[in-house]
Amino acid sequence: MWIIKNMDKKNLLQKIEANFPSITIKKSRILTHGWNDIVVIINNEIVFTFPKSSDESRSQLEKELCFLPLLKAKVNIKIPDFRYIPADKSFAGYPLVAGKPLSPTHYETLSDNEKNTLAKQITSFLKQLHNFSIPVAQKCHVGYAWSYEE
């Protein structure tokens with residue numbers, strides 16, 4: 001895995017086009033406010049994530065590429081399904097997972113019934129996540145959230 005030296009939009013789009021020539025880029029937008037990644041959304045359909053320059057963000061992508069396909073088979077919510085991975089694994093892409101961020105302001109506008117439905121969905125996901133095999137997760141170098149071990 002290597003670091004993309006110039007993280008401007010033009011260079012990121014060139015990396016996508018060079019590695020995935022079958023993707024026709026009609027429109028794109030870039031999100032830079034993440035801690036570990038720069039995100040490029042293509043045609044409001046495909047999300048590409050580019051690790052920022054730290055070893056930690058590159059390691060995080062490697063963990064996601066390993067762990068999320070395993071987790072996907074065990075949970076009933078949509079999670080990123082990486083389908084666009086260049087040979088050097090320097091970045092990766094997946095079909096956009098539709099939805100809206102749940103902000104405190106948005107949550108307050110939900111009806112009691114909607115809040116109960118949301119609570120049930122979160123509870124179901126957490127049960128599925130907590131039933132996931134720890135040894136399998138550790139094979140992807142996913143450690144305990146409450147420890148410094150990996």
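A nonpolar core is taken here as a set of buried Ala, Val, Leu, Ile, Met, Phe, Trp, Tyr and Cys residues joined through side-chain atoms within 4.5 Å. In the predicted model, the largest such core has 17 residues, and those with the most contacts inside it are Phe67, Leu68, Leu71 and Phe82. Two or more residues of this core come from each of β2 (37–42), α2 (55–72) and β4 (92–95). The greatest share is that of α2, which supplies five residues. In soluble globular proteins, nonpolar side chains tend to be buried together.

Beyond its neighbours within four places in sequence, Phe82 is in contact with Thr49, with Leu61, Glu64, Leu65 and Leu68, and with Ala92, Gly93 and Tyr94.

The count of salt bridges comes to one. This salt bridge joins the side chains of Asp81 and Arg83, with an N to O distance of 3.2 Å. Asp81 has a relative accessibility of 26% and therefore counts as partly exposed. Arg83, in turn, is classed as exposed because its relative accessible area is 57%, and the cut-off for that class is over 50%.

As to confidence, the protein has an average pLDDT of 87, and 89% of the residues score at least 70. The lowest confidence is found in α2, with a mean of 87, and the highest in β4, at 97. Where pLDDT is low, the predicted coordinates should not be read in detail.

Key
Residues are numbered from 1 along each chain as its sequence is written. This is a predicted model: local features need pLDDT of at least 70, side-chain atom pairs count only at pLDDT 80 or more; totals for chains, interfaces and linings use all residues. Side-chain values use heavy atoms; hydrogens and water are left out. Buried means under 20% relative accessible area, exposed over 50%, partly exposed in between (1.4 Å probe, protein chains only). Helices (H or I, at least four residues) and strands (E, at least two) are DSSP runs, numbered from the N terminus. Contact means heavy atoms within 4.5 Å. pLDDT is the predictor's confidence in each residue, from 0 to 100. A salt bridge is a side-chain nitrogen of Lys or Arg within 4 Å of a carboxyl oxygen of Asp or Glu.
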